[in-house]
Amino acid sequence: MRTSAATLILGGLVLATYAPLVVTFPKTLAIPKKLQEAVGKVVVNATTCTVTCGLGYKEETVCEVGPDGVRRKCQVQRVECLTSWVCGMLHFTVLTGTGFELSCLSPDILAMGREAFRFTWRLARGIISTDDEVFRPFRAASHAVRLEPAREYDSGTYRCDVQLLRNLRLVKRLYLGLRVLPPDLVHLRFHQSLTEEQKLVDAGLEVDLGNHSRPRRPPWRRKVAVALGVGVAGGVTGSVLVSLVVYRGLRATHSRASLKT
C-alpha cells in the first residue's frame, strides 16, 4: 500500500509539472509582423587579409537583406584584419663601417600613418635568438633603428613590437637578426664562399651535396664518354690483333729462310 501511494503521488507531481506545457504550447510559433518585415545588413563576400602576419586589411561586401532574400544597397568597405601578430625573424649581414637601417614598418602600417602606432624595441646583444628572456630594453621610439655606422658591437637580435595607440593592442612582433662582420674577416661574395661541390652545382652539374658523391654529368656527356671509351678499346684491340698477325707472318718467313739454308 505504501508503494502504491508513493507511485500515485509521484505520478501526480509529474502530471502537474508537464500539463501546463502541453496545454499552453502552441503548434506554430507566431512571428511578429515587424520582425517579418525587418531588414538587416549582412556580409555577403570578403577577401583574404593583405598580410599573413601583423595588421592588414580586407574588403567586405555588405548588403541589406530583407525577408525576400534579395540583396539591396550593397557597399564595399575596407576593414582591419589580424591573422597573427608574430611575424618571425629576418636575417641581415653587413660590414662594419657601413650604414644600415632596421625597420619594422610595413606598407599596411604606413597606409594608416605611423602616428597611429607605438613602437617598442628590445635587443638581445651578440646572439641570434627568439627567446624573449634574453632581450633587454633598447632606446628607440621610432619605427626604425638607424646604425651610422654599423659596428660589431651592434650585432644581435632586435625585437620590434607594434601596438595600436587607441587601445594598446599588440598587432605585430618582428625579430631582426643582425650580423656585423669586419671587412678583413670575410668577403661577402657569393661565388668565393661556395665549396667545390657548390661551384659544380652553380656550373650546371648534378651533385648530391648530402652524400658528397662525385658529380654526375649530363646524359649527353655520359654518352660521349661511353662512345670514346668504346672507340679507344676497339682501337687497342685492333692494334693488338694486327701486331699478332704481323708477328706470325715474320716468324713464318724467318722459318722458311732457315730451312732453305
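**View 1. The charged end of Arg159 sits over the ring of Phe135, 5.7 Å from the ring centre.** A charge counts as over a ring here if NZ of Lys or CZ of Arg is within 6 Å of the ring centre and within 35 degrees of the ring normal. Another case of this kind is Arg78, which lies over the face of Tyr57 at 4.0 Å from the ring centre. A word on the source: this is a predicted model, where local features need pLDDT of at least 70 and side-chain atom pairs count only at pLDDT 80 or more, while totals for chains, interfaces and linings use all residues. Residues are numbered from 1 along each chain as its sequence is written, and side-chain values use heavy atoms, with hydrogens and water left out.

**View 2. Asp132, Arg159, Asp161 and Arg173 are tied into a network of salt bridges.** A salt bridge means a side-chain nitrogen of Lys or Arg within 4 Å of a carboxyl oxygen of Asp or Glu. Arg159 meets Asp161 at 3.2 Å, N to O, and Arg173 meets Asp161 at 2.8 Å. The cut-offs are under 20% relative accessible area for buried, over 50% for exposed and partly exposed in between, using a 1.4 Å probe and protein chains only.

**View 3. Glu80 and Arg166 form a salt bridge, with their closest N and O atoms 2.9 Å apart.** Glu80 sits in strand β3 (residues 71-82) and Arg166 in the loop between β9 (156-164) and β10 (170-181), 86 residues apart. How exposed are the two ends? Glu80 is partly exposed at 30% relative accessibility, whereas Arg166 is exposed at 57%. In total, the structure holds 8 salt bridges.

**View 4. Phe138 and Tyr158 make one of the 3 aromatic pairs in the structure.** Their ring centres are 5.5 Å apart and their planes sit at 90 degrees, so the pair is edge-to-face. Rings of Phe, Tyr and Trp (its six-membered ring) pair if their centres lie within 6.5 Å; planes under 30 degrees apart are stacked, over 60 edge-to-face and the rest tilted. Phe138 belongs to strand β7 (residues 136-138) and Tyr158 to strand β9, so the pair ties together parts 20 residues apart in sequence. Phe138 is partly exposed at 24%, while Tyr158 is buried at 1%.

**View 5. The largest nonpolar core has 22 residues.** Such a core is a set of buried Ala, Val, Leu, Ile, Met, Phe, Trp, Tyr and Cys residues joined through side-chain atoms within 4.5 Å. Leu102, Trp121, Tyr158 and Leu178 have the most contacts inside this core. Strand β10 gives the most, with 5 residues. Leaving aside neighbours within four places in sequence, Leu102 is in contact (heavy atoms within 4.5 Å) with residues including Phe92, Trp121, Tyr158 and Leu178.

**View 6. Asp154 is found in the loop between β8 (144-147) and β9.** Asp154 is buried, with a relative accessible area of 6%. Beyond its neighbours within four places in sequence, Asp154 is in contact with Arg125, Leu147, Pro149 and Leu178.

Technical notes: Helices (H or I, at least four residues) and strands (E, at least two) are DSSP runs, numbered from the N terminus.
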